[in-house]
Amino acid sequence: MEVGKIISNSLKYPFRNIKKLPILFLLFILAAIIPLGILFDNRYVTIFGVISFFLFILIVPGYLFSIVNIGVNESAVMPSLNFKKNIYDTLRLIVLRIAYMIVPALVFFIVLSTLGMLSIDMISNLRVLTFVLTAGLIFFIVLITYIIFEVLLFFAKARLAYLNSLTEALKIHKVVGDIRSIGIGNIILWLIFMAILLVVASYLSSLVMLIPYVGFLIYMVIVIPTLESIGNYSLGLLYSNIVDNDPNLDKFEREIELLKYFD
């Protein structure tokens, strides 16, 4: 599927499922209760909000992952809520993120310990400019490492949705192969689209947030979940280019796998 069609279908996706879209909105209410409790200085609402936020963390990532699965299979439905499946998927995503963040974390701690020793020597010898340049270079290395593994994590998540195997999603060399199959050009175009969407949404949200109280709720409960559904669905559609070229799984078989996933 061409990137232009992916973008078009992704923007339409939430509005093709108007009847089920409120499910996603209701889930994000769970994350809005704590700020409301703090805003109105209500201890009981805040405590309830803490419990609700815990449920949000357990359920919502898994539910959004279901949308990636829908996109991979080139379907257009909004998934139903399945607490057992959603929580299970959330736990798998947590494991996946921890695994992919090990290298950036190691790089960060290594360069931090190195900078710590160097900084004492540089500052004591009044080499402030050298210290600033060194710190800037190290920060750049850490940032690039993090971005690389964050991108890998995106497609590991899509691979997990496609193969339904955490072991396969943890194979970084296979994920790199998937990225090559999709095409760096297509991925760059997709990332540009996501960046533009985020900028536009941020601008519109800043206007909405000017409305006292109601603006915050609209942003938390409508704007963010709509953007999340578009982003996760577009990731699935982007990865579906690999699925279409997979000789081991035809369209009919993918539909069967999709039905099994939500069974």
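Which residues does Tyr100 touch, not counting residues up to four places away in sequence? In this predicted model, Tyr100 touches Phe149, Leu152, Leu153, Ala156, Ala169, Leu170, Lys171, Ile172 and Val175, a contact being heavy atoms within 4.5 Å. Residues are numbered from 1 along each chain as its sequence is written, and side-chain values use heavy atoms, with hydrogens and water left out. Local features need pLDDT of at least 70 and side-chain atom pairs count only at pLDDT 80 or more, whereas totals for chains, interfaces and linings use all residues.

The protein contains 11 helices and zero strands; helices (H or I, at least four residues) and strands (E, at least two) are DSSP runs, numbered from the N terminus. Of the 263 residues, 41% are buried, where buried means under 20% relative accessible area, exposed over 50%, and partly exposed in between (1.4 Å probe, protein chains only). Among contacts with a separation of 6 or more, 77% join residues 24 or more positions apart.

In soluble globular proteins, nonpolar side chains tend to be buried together.

Helix α8 spans residues 172-182, and its Val175, Asp178, Ile179 and Ile182 are buried. These residues lie on the same side of α8 because they cover an arc of only 100° around the axis, the arc being that of the directions from the helix axis to the C-beta atoms. On the other side of α8, His173, Arg180 and Ser181 are exposed. Gly183, which follows α8, has a positive phi near 105°.

The largest pocket holds about 1,000 Å³ of space. A pocket is an open set of points on a 1 Å grid over the protein atoms alone where a 1.4 Å probe fits, with protein on both sides within 12 Å along at least five of seven lines; lining residues have an atom within 4 Å of a point. The volume is the space filled by probe spheres set on the points, which are joined across faces, edges and corners. The lining comprises 27 residues, with Leu64, Phe154, Lys157, Glu228 and Asn232 nearest the centre of the pocket. At least two lining residues come from each of α3 (43-72), α4 (83-100), α6 (128-163), α9 (184-208) and α10 (214-244).
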